[in-house]
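This briefing goes through one protein chain for a reader who works with coordinates. Please keep the sequence and the model open while reading.

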Amino acid sequence: MNRFEPKRDIQSKYVFYTGKGGVGKTSVACATAIAMADDGKKVLLVSTDPASNLQDVFSTELTNEPTPIKGVDGLMVANLDPVQAANEYKESVIAPYRGKLPDSVLANMEEQLSGSCTVEIAAFNEFSHFITDKKTQTEYDYILFDTAPTGHTLRMLQLPSAWTDFINTNQHGASCLGQLSGLEEKKEVYRMAVDTLADGDLTTLVLVSRPEISPLKEAERASVELQDIGVKNQMLVINGVLETHDDTISDALFMKQQSALKELPVGIADLHTTMIPLRAYNITGIENLRNFLVKDDFIGSTATVNAKDISGLSDVVDDLYTNNKKVIFTMGKGGVGKTTIAAAIAMGLAEKGARVHLATTDPAAHLKYVISEQDGITMSHIDEQLELEKYKETVLSKARETMSGDDLAYIEEDLRSPCTQEIAVFRAFAEIVDKADDQIVVIDTAPTGHTLLLLDSTQSYHKEVERTHGESPESVQKLLPRLRGPETEVIIVTLAEATPYYEASRLEEDLHRAGLKSKWWVINSSLFGTQTTNKMLKAKAGNEIEWINQIDKHARGCFALIPWSAEDLKGEKLKELIAVA
């Protein structure tokens, strides 16, 4: 596999980077921009990532206006804040109704406009002028975007009903896209931007991944979704490939990566694919960005961990048991190890004599590969796809009675949204949480804070149940009060890296907004926790310290650290995670 070389691999004017959080999208985008500028080109780099750390990367104060980067002639960088843009848009929609509508209605409107899809629409609104503005087109040789819109958002923008007040009266009430009619004047600009994205001569979509199964599957999902709407000029960059291995830890990591690379998902197997070696250093500063595609220096951080004692997962289990927690969630972005942590916590509680029910809403149902039912532990799996299909048919059959054409197409697309999928599994989820009456319930993944607030403020789910079943189940009525009560705990799972930390922080804010509490953070797969002697991995382990200290401060010392493991942690191996050190 060839190394990624921007001069050879990028031929189009517009370049979009996409991939799971933590795979290195920003690093690849910034390094590409510098390489192009160093080659004498005029380059504009635009970030639309809500968790963007571009200011830290370039050590430069950035705004939504292009800013020159000292030390890189020809490079301009703009850092758009889609969260701020979404809040401004939300206020523009709600402001005319303040003092005219009841507070409960305003709260409903506000939550409808608080979803991640609305933030993405706001981001698209912000960067669309960079794509369609004639002056910008002529001023720069290359325009790079750190974070691409999803296929769901692009499809929604192409539907006529998305630009009407239809959303105010739609039957299922579960939309997370907000009232797009407020952006009617941008409709033509959006159309031009979407057309540019689909033009293979003008645009390249760079799927960034890591040599691991989970991010490669996410890259495949994004690739297929975007190909379906015409964005077909795609390439795959696999970031973080280990090249040197000379001790037990590095040998095991090398073999694990190579195994994942040999079994590339079918949907991305035929894409033009290049790689970037794993680097020891944090990808910040001009020098490191210039070196990123070229070389490593293996210099680790000289910082020290602030925490005098670092907890293990056994300490988390002890705390949950002592404080009589009855509903426990493991939450975090995909690929951080939520399923493994949930299974280990369940096993630890069962060993203390508790009756435990372990459940997952993970569509891949990985739980059964990690742990099996045993003494003290029962298990279940919510089939999200099955629940979604049932919900979709209920909504569509009702909608067909009064709608057709574009309006029905809007409903069908809206039902693809992440929030709608969570709402679809809500009843099954409520029934599982109800088991906490007489046992401890541990759940791998749960509805986000936004979805819970959406259901609470609009009673969308309750309206559906009343219309189709006549009454709201007791388990649903009890759910939100129980989740906000003292018996519920959310465990935040993350990695000792910048993007997973920032994304976990956003998730925690979302949960707190909905009234859910989180005390413990778990740092998973830490190289710092290993005794590796490999020069590069040892340096990389040292560079985790900054994020370990950040999490320690954020969580007020309530964090546990789990070392990277060469073996898959499942079955009896889970006991190693909960063993007392």
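The points below cover the overall fold, the sheet, the salt bridges and the aromatic side chains. The model is a predicted one. Its chain has 581 residues, of which 57% are buried, and it contains 26 helices and 15 strands.

**Overall fold**

- Among contacts between residues at least 6 apart in sequence, 77% join residues at least 24 apart.
- The chain exposes about 24600 Å², and carbon and sulfur atoms supply 48% of that area.

**Sheet**

- Eight strands form an open sheet with mixed pairing, in the order S3-S4-S2-S5-S1-S6-S7-S8.
- Its edges are strand S3 (67-68) and strand S8 (272-277), each of which pairs on one side only.
- Strand S7 (residues 234-241) runs parallel to S8, and 6 bridges join the two.
- Leu-236 has Thr-273 in S8 as its bridge partner.

**Salt bridges**

- The whole structure holds 23 salt bridges.
- Glu-188 and Arg-191 form a salt bridge through their side chains, with 2.5 Å from N to O. Both residues sit in helix H9 (residues 187-197), 3 residues apart, which is about one turn of the helix.
- Glu-188 counts as partly exposed because its relative accessibility is 43%; Arg-191, at 42%, also counts as partly exposed.
- Glu-389 forms a salt bridge with Lys-392, where the closest N and O atoms are 3.6 Å apart. These two residues lie in helix H16 (residues 384-399), 3 residues apart, or about one turn of the helix.
- Glu-389 has a relative accessibility of 38% and is therefore partly exposed.
- Lys-325 forms a salt bridge with Glu-489, and the closest N and O atoms of this pair are 3.6 Å apart. Lys-325 is in the loop between helix H13 (313-322) and strand S9 (327-331), while Glu-489 is in strand S13 (residues 488-494), so the pair ties together parts that are 164 residues apart in sequence.
- Lys-325 is buried, with a relative accessible area of 14%, and Glu-489 is buried at 5% relative accessibility.
- A network of salt bridges links Asp-434, Asp-437, Arg-482 and Glu-487.

**Aromatic side chains**

- A pair of aromatic rings is described by the distance of the centres and the angle of the planes.
- The count of aromatic pairs comes to 7.
- One of them is the stacked pair of Phe-16 and Phe-145, at 4.5 Å centre to centre and 15° between the planes. Phe-16 belongs to strand S1 (residues 14-18) and Phe-145 to strand S5 (residues 142-146), so the pair links distant parts of the chain, 129 residues apart. Both Phe-16 and Phe-145 are buried.
- Phe-124 and Tyr-190 form an edge-to-face pair, at 5.3 Å centre to centre and 90° between the planes. Phe-124 lies in helix H6 (residues 116-132) and Tyr-190 in helix H9, so this pair ties together parts that are 66 residues apart in sequence.
- Phe-124 is buried at 1% relative accessibility, and Tyr-190 is buried with a relative accessible area of 1%.
- Tyr-501, Tyr-502, Trp-521 and Trp-547 form one aromatic cluster.
- Lys-42 lies over the face of Tyr-140, at 5.9 Å from the ring centre.

Note on methods
Residues are numbered from 1 along each chain as its sequence is written. This is a predicted model: local features need pLDDT of at least 70, side-chain atom pairs count only at pLDDT 80 or more; totals for chains, interfaces and linings use all residues. Side-chain values use heavy atoms; hydrogens and water are left out. Two strands pair if DSSP finds at least two bridges between them. Helices (H or I, at least four residues) and strands (E, at least two) are DSSP runs, numbered from the N terminus. Buried means under 20% relative accessible area, exposed over 50%, partly exposed in between (1.4 Å probe, protein chains only). Contact means heavy atoms within 4.5 Å. Accessible areas come from the Shrake-Rupley method with a 1.4 Å probe; for residues, only the protein chains shown count as cover. A salt bridge is a side-chain nitrogen of Lys or Arg within 4 Å of a carboxyl oxygen of Asp or Glu. Rings of Phe, Tyr and Trp (its six-membered ring) pair if their centres lie within 6.5 Å; planes under 30 degrees apart count as stacked, over 60 as edge-to-face and the rest as tilted. A charge sits over a ring if NZ of Lys or CZ of Arg is within 6 Å of the ring centre and within 35 degrees of the ring normal.
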